[in-house]
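Here's a quick briefing to read alongside the model. Have the sequence and the 3D view open as you go.

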Amino acid sequence: MRHDVTDDDTATALGSGDVPVLATPRLIAWLEAATVRAAAPYTGPDRTTVGTAVRVEHLRATHVGGQVEVTAEPPSGDGRRLTFAVRAVDGSGALVASGEIDRAVVDRRRFLGRSADAAAGD
């Protein structure tokens, strides 16, 4: 998945810093989106995945106007818990970030029911 870095993607815009470069939270969101796509073979109408852990090192700044390509390798795991190796590379081919993101395969209806029950108890 290729993304163009805009002003809306910067640390300044997202409040995660005060410099106009790609914000780590936006980069992680892009990486997570890549894992959702890579998890598709493990899901279906009644099943989805939810993120459970993120271990990512953001290694290089990317300025507004730059491009970032994010990838998620096919997962390792037991079929219920999936671990994806993720990477981000900029337009020059330099490594921007690498790490792992974990996702759990869940029953969609049961998961939403539990989250609604938890919200009602607040």
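What follows covers the overall fold, the nonpolar core and one threonine. Keep in mind that this is a predicted model.

**Overall fold**
- The protein has three helices and six strands, and from the N terminus on they run β-α-α-β-β-β-β-β-α.
- Along its principal axes, the C-alpha trace spans about 40 × 35 × 20 Å.
- Of the contacts with a separation of 6 or more, 61% come from residues 24 or more positions apart.

**Surface and charge**
- Out of 122 residues, 30% count as buried.
- There are 14 positive and 17 negative charges, with mean positions 8 Å apart.

**The nonpolar core**
- The largest nonpolar core has 18 residues, and the ones touching the most other members are L27, L31, V68, V70 and A88.
- Helix α2 and strands β3 (67–72), β5 (81–90) and β6 (95–107) each put at least two residues into this core.

**A look at T35**
- T35 sits in helix α2, which covers residues 24–38.
- Is T35 buried or exposed? It's buried, because its relative accessible area is 0%, under the 20% cut-off.
- The T35 side chain reaches the backbone oxygen of E32 at 2.6 Å.
- Beyond four places in sequence, T35 touches A72, F84, V86, I101 and R103.

Methods:
Residues numbered from 1 in each chain as written. Predicted model: local features only at pLDDT ≥ 70, side-chain atom pairs only at ≥ 80, totals over all residues. Heavy atoms only, no water. Helix = DSSP H or I, 4+ residues; strand = E, 2+ residues; numbered from the N terminus. Buried < 20%, exposed > 50% of the residue type's maximum accessible area, 1.4 Å probe, protein only. Polar contact = N/O pair within 3.5 Å; in protein donor to acceptor, adjacent residues only side chain to side chain. Contact = heavy atoms within 4.5 Å. Core = buried A, V, L, I, M, F, W, Y, C linked by side-chain atoms within 4.5 Å. Lys, Arg positive; Asp, Glu negative; His and termini not counted. Charge placed at Lys NZ, Arg CZ, Asp CG, Glu CD.
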